[in-house]
Amino acid sequence: MIVCGTALAVSPFKNVVDMVKKDCPAVLFNMENVKETSGYDFDRPAKGKILVKGKCDEMIRKLVADCGWSDDFEKVLPECHKKK
């Protein structure tokens with residue numbers, strides 16, 4: 001599961017974490033962990049939860065580049081989000 005840019009503090013979206021199997025790996029792209037706002041601690045790699053700290057747009061672009069998907073990503077990205 002990939003979660004981006006949320007404190008997971010508002011229902012019903014905050015419940016999405018409980019809608020997947022407990023052993024489902026989870027990655028949070030966010031400026032900070034959400035343990036204080038939601039009770040979910042994404043800074044626990046040993047438990048299959050990872051926090052990627054930073055601005056969502058920048059961190060997703062880095063993930064896409066690291067995976068070698070940049071060309072395909074740019075093709076499907078809405079015009080308003082493309083680099084200028």
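This is a predicted model: local features need pLDDT of at least 70, side-chain atom pairs count only at pLDDT 80 or more; totals for chains, interfaces and linings use all residues.
Local features were taken only at pLDDT of at least 70 and side-chain atom pairs only at pLDDT 80 or more, whereas totals for chains, interfaces and linings use all residues. Residues are numbered from 1 along each chain as its sequence is written, and side-chain values rest on heavy atoms, with hydrogens and water left out.

Helices (H or I, at least four residues) and strands (E, at least two) are DSSP runs numbered from the N terminus. Three strands make up an open sheet with parallel pairing, in the order S1-S2-S3; two strands count as paired if DSSP finds at least two bridges between them. Axes here are lines fitted to C-alpha atoms, for helices over the stretch in contact, and angles run from 0 to 180 degrees between N-to-C directions. The parallel pairing of S1 with S2 (residues 26-30) comprises three bridges, and Val3 stands opposite Leu28 in S2. Helix H2 (residues 56-67) packs on this sheet and touches S1, S2 and S3, contact being defined as heavy atoms within 4.5 Å. The direction of H2 makes about 130° with that of S2.

Three salt bridges were found in a search of the whole structure, the criterion being a side-chain nitrogen of Lys or Arg within 4 Å of a carboxyl oxygen of Asp or Glu. Accessibility was classed as buried (under 20% relative accessible area), exposed (over 50%) or partly exposed (in between), with a 1.4 Å probe and protein chains only. Glu74 belongs to helix H3 (residues 70-76) and Arg61 to helix H2, so the pair ties together parts that are 13 residues apart in sequence. Glu74 is partly exposed, at 27% relative accessibility.

Another salt bridge joins Lys62 and Asp66, with 2.9 Å between the closest N and O atoms. Both residues lie in helix H2, four residues apart, about one turn of the helix. Lys62 is partly exposed, with a relative accessible area of 46%, while Asp66 is exposed at 57%. A salt bridge also connects the side chains of Lys22 and Asp18, at 3.9 Å from N to O. Lys22 is exposed, with 71% relative accessibility; Asp18, at 42%, is partly exposed.

Two loop residues were also examined. Thr6 is placed in the loop between S1 and S2 and counts as buried because its relative accessibility is 19%. Leaving aside neighbours within four places in sequence, Thr6 contacts Phe13, Leu28, Asn30 and Val34; Leu28 is also the residue that Val3 stands opposite.

Asp43 is found in the loop between helix H1 (35-38) and S3. Asp43 is partly exposed, with a relative accessibility of 48%. When residues up to four places away in sequence are not counted, Asp43 touches Asn33, Lys49 and Leu51. Between Asp43 and Val10 the separation is 33 residues in sequence and 20 Å in space, C-alpha to C-alpha.
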